[in-house]
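Visitor: I would like to know how the labels used for this model are assigned. Please set each value against its cut-off.

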Amino acid sequence: KQFKKIKITGKVVSMSVKERARLPRACTSKSTSIATKNAIPVMSVEEVVQRIKEDCWNEKSLLVVSGSGVSVSSGLSTFGGGFYERAKKRYKLKDGMDLFRWQFYVKEPFLCTQFLGQMCEQVLKCKPNTTHQAIAKLEDTSILLRHYTLNIDGLHALAGASTWDATNSNSGATVELHGSLREIVCTHTGNIYAVDEAALNRIKRKKLPKVDNDTPIRTLDLQARRSRKRHLISDSVYDNDAESEQHPSRYRFRVLLYDDEEDECVLDSSGALALLDSDAARARIVLWLGISFQQSASCEYLRRVAACTPANTLHLIVNPSTDAAFNAMSAINFQDVNIHAVHAPSDDLFTALMPTIQCASSSELSKGVATCI
């Protein structure tokens with residue numbers, strides 16, 4: 001394993017890169033030549049549908065990774081194209097991404113929570129689109145291996161997708177790698193609460209979003225997660241001032257921040273990444289949906305998956321932008337990875353794929369193979 005030195009609260013400690021979900025530097029790829037872009041092979045939607053039929057039928061070998069672009073047709077902004085810019089203007093930040101960093105949250109917990117609350121208000125008004133619904137239906141087929149989403153809008157779960165966490169073993173088909181704006185977690189008890197109008201009204205008034213007499217929808221085993229984490233980081237991370245029930249960081253949105261030192265409140269990161277590695281090793285096709293590969297997280301996930309997949313695995317960058325596939329290739333330093341561009345919105349792909357999904361999920365699966373293929 002590779003190790004790097006991390007300075008936390010004045011102490012320098014060793015930390016396993018593989019076990020700790022730290023996000024590295026951002027991908028800074030830029031388009032440099034039209035010739036290089038044109039060298040990336042392109043597949044049509046129809047060709048993608050046919051490959052999925054041929055390679056993934058009855059194999060459970062289709063791995064899906066989705067980003068904010070898939071929710072644009074539901075009425076949401078992308079991070080690079082909306083949320084970061086809004087945060088930058090509102091709080092006069094040099095970089096709008098700073099608001100989503102742990103350091104900003106610790107310094108200004110109410111401001112950070114209020115902005116996330118405004119995002120949550122927008123999210124709660126949105127409905128799942130064709131992509132969300134199709135991925136949920138893929139669970140009933142022998143095609144989908146698993147779905148990992150970088151989105152925090154919770155629309156996949158709203159569409160009916162089962163979500164993974166460490167307590168339900170490998171049963172959840174969708175892994176919310178960065179959490180969900182639709183939930184609030186108590187950092188002391190691990191209780192998770194659904195966000196409602198009352199919680200959002202409290203946030204607007206700079207009050208705690210939840211109180212102890214609210215009923216949780218489930219509870220995380222934070223003690224177990226923190227005991228596994230203590231050997232990786234300094235104990236001083238837990239020596240915070242949030243002992244009071246009224247402390248502003250007692251409750252937080254279940255959303256992963258950059259350099260988050262309470263990531264165990266959002267997700268069992270080591271468990272999720274281990275599962276991703278295992279799934280990637282079994283994938284024959286990886287769909288990268290609505291991801292621009294301009295942010296550090298998406299670039300790191302691409303590098304991680306590419307390192308684990310077999311050499312012949314097909315990576316499909318599904319994005320209307322012609323820059324996305326080039327950015328992806330830049331993120332992996334143009335290594336020999338089987339990447340193809342699909343210049344279409346994910347909704348177009350899944351509209352074309354829906355008849356196959358319906359056929360694959362039918363009770364007459366064995367009789368329907370020839371017809372679907």
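Guide: Buried means under 20% relative accessible area, exposed over 50%, and partly exposed in between, with a 1.4 Å probe and protein chains only. The model is predicted, so local features need pLDDT of at least 70 and side-chain atom pairs pLDDT 80 or more, while totals for chains, interfaces and linings use all residues. Residues are numbered from 1 along each chain as its sequence is written, and side-chain values use heavy atoms, leaving out hydrogens and water.

Visitor: Why is cysteine 299 called buried?

Guide: Its relative accessible area is 0%, and the limit is under 20%. Cysteine 299 is therefore buried. Cysteine 120 also counts as buried, because its relative accessibility is 0%.

Visitor: What makes H2 and H13 oblique to each other?

Guide: Helices are DSSP runs of H or I, at least four residues, numbered from the N terminus. The axes of H2 (residues 45-56) and H13 (residues 346-360) cross at roughly 40° and come within 9 Å. Axes are lines fitted to C-alpha atoms over the stretch in contact, and angles run from 0 to 180 degrees between N-to-C directions. Under 35 degrees is roughly parallel, over 145 roughly antiparallel, 65 to 115 roughly perpendicular, and the rest oblique. H2 and H13 are therefore oblique.

Visitor: Which residues of H2 meet H13?

Guide: Val45, Val48, Val49, Ile52 and Lys53 do, where contact means heavy atoms within 4.5 Å.

Technical notes. Helices (H or I, at least four residues) and strands (E, at least two) are DSSP runs, numbered from the N terminus.
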